[in-house]
Amino acid sequence: MKFLSTILILFLSISSFSQSSKVNGSKNLLDANGFPKSQDKKGISATNFAPVSRNAVDLGYDGTRALSEINNSVAGEGYPWISADGLRLYYTSTSGESNFMIYYSERATVESLFQAPVPASINVVAPLSIWLSENEMEAYATTFDSNIGKLYYYQRNSMEEPFGTPQEIILNGIDLGFISAASLNAAQSELILYSADYGVITFNRTSSNSFDYVGLLLASNSNTTPGQISKDDLTYFVGINDNGSNYFINQLERSTTMDAFGASTLQEINSLNDPVVDNMQPTMSSNLEWVVFVRNQTDVWQGNDLYISHRQALSTQNNNLENHFTLFPNPTSGHFTVSKATNLNSNVDFTISIYDSTGKLLLGKRMATEIDLTDYAAGIYFVKITGATFSEVQKIIRN
C-alpha cells in the first residue's frame, strides 16, 4: 500500500500534462479497441498474410477469472500490461467516450487479489495504451487526439518515482491514424504496433527517437486486434477473428530473436478463449505463466472487462489412481504403441493428444493405437489420453 500511496501522491502533484483523451466528441461511439466506430478504414491488405492454422495449441491455461477487484461496472478496461513476475498491472480505462486514463494496480503475491487501482505516475497526454520494459524503468505510450496517433517514450529512475517528460517517437515510412498497443522486444530495437487502418505492423529502430516501417504482419482485413510480445521475445499473442464470429487469442512463434514473426505460424490458444465472446489484447508475464486479457461481447469499449489466467504445466499426475493405458517401447526411436488395460472396455472411446515439452499440441488422434514421432526431434513428449470418465498424461521419451 505504501507504493500505491506514493503513486497517488505523485500523480496528484503532476499538473503540466493531462491524462484526458478527447475523441471526436462525445457522440462518437468507440469500439472495443477504443477507436471511433465511424472512422473509415483504409482496408490495406497484407501481401505476406498466410491462412490461419487451425491446429490449436494448448499451453495449459486454467482457472481463468474476471479481475472483478479491478473491473468497473460502468467503465471499460483495456490494453493491460503485466509485469514479469505477475504482480503489477497497468491498463487503460474510461467510463465514457473520452477521458481515457492509465491505471496501476499491484498484488502482494500471485495468490492475492489486485489492490484498488490508482492513476499511474506517468505524464501521458491523451493515452490509449502503455508498454513497459521488463525492469519497468522505461515506458512507451500510444496516444491519439484529433484523429492523430502518436507514440511517446518515458523514463524514470525508480519505481517510486513518476515517469519523466515524454519524448515523441517518430515513425517513418507510413502514414498512421489511430494506433495502439506498442510492443517492443527486450532490446527495444523491434516495434510491433496496431493500426486501425492497416492491422499489425512492424518497425525497426533507426535512432534513439525513430523507427522505420518494415511491413504488415497481419492485415486489418484479417480482423486482427492489438497484441503483445512475450518477455522472452519469442512469442507474439494477438486477437484474431478468422471465422466471422468472435475474436480468439492466437500466438505467433519464432525460433530465435533474430527471426521475424511469420503469419504462417499463427495458432489459436484454445485454453484461453471463450467461444461466445471476443478475446483480445493479451499481455504475458515471464514464461507465459500469467496472461491478462480482455473479453467483450458488445464490441463497444464500455463492454471491456479484464480477465486473468494461469498456465498449468502438463502434469503426469492422473485424475485416476491407475493408468488405463501403457506406452511401449519407452524410450522409443519414433514409433510406439498405445495399449489399453485389460480391465478397460474394448469399445471405450478415447482421444490421444501429443504435446512437446512447452505444452504445444503436435498432433491429436481418436482411437489410435500406433503413434509415429519419427518426424519430431529427440526429447521428452507428453501423451494425453482422454475419455468420457478419465484423463491421464504420460511421458514418452523420443531417442
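The charged end of Arg 295 lies over the ring of Tyr 307, 4.8 Å from the ring's centre, where a charge sits over a ring if NZ of Lys or CZ of Arg is within 6 Å of the ring centre and within 35 degrees of the ring normal. The model is predicted, and local features need pLDDT of at least 70, side-chain atom pairs count only at pLDDT 80 or more, while totals for chains, interfaces and linings use all residues. Residues are numbered from 1 along each chain as its sequence is written, and side-chain values use heavy atoms, with hydrogens and water left out.

The chain has one helix and 28 strands; helices (H or I, at least four residues) and strands (E, at least two) are DSSP runs, numbered from the N terminus. Of its 399 residues, 54% count as buried, meaning under 20% relative accessible area, whereas exposed means over 50% and partly exposed lies in between (1.4 Å probe, protein chains only). Among the contacts in the chain with a separation of 6 or more, 55% come from residues 24 or more positions apart, a contact being heavy atoms within 4.5 Å.

Aromatic rings come next. There are 14 aromatic pairs in the structure; rings of Phe, Tyr and Trp (its six-membered ring) pair if their centres lie within 6.5 Å, and planes under 30 degrees apart count as stacked, over 60 as edge-to-face and the rest as tilted. The pair of Phe 35 and Tyr 194 is stacked, because the ring centres are 6.0 Å apart and the planes stand at 20°. Since Phe 35 lies in the loop between helix H1 (2-13) and strand E1 (53-57), and Tyr 194 in strand E12 (residues 190-195), this pair ties together parts that are 159 residues apart in sequence. Phe 35 is buried, with a relative accessible area of 2%, and Tyr 194 is buried at 5%. By contrast, the aromatic pair of Trp 81 and Tyr 90 is edge-to-face, with 6.2 Å from centre to centre and 65° between the planes, and both of these residues are buried. Phe 35 and Tyr 194 also belong, together with Phe 178, to one aromatic cluster.

E3 is joined to the antiparallel strand E4 (residues 88-94) by five bridges, and Gly 76 has Thr 94 in E4 as its bridge partner.

Elsewhere, Thr 142 is found in strand E8 (residues 138-145), and its relative accessibility of 0% makes it count as buried. Its side chain meets that of Ser 129 in a polar contact of 2.4 Å, a term for a pair of N or O atoms within 3.5 Å; within protein, one must be able to donate a hydrogen and the other to accept it, and residues adjacent in sequence count only if both atoms are side-chain atoms.

Strand E22 (residues 325-328) has a covered face, Phe 325 and Leu 327, and an uncovered face, Thr 326 and Phe 328. Four bridges pair E22 with strand E23 (residues 335-340) in the antiparallel sense, and Thr 326 stands opposite Ser 339 in E23.

How values were computed. Pairing = 2+ DSSP bridges.
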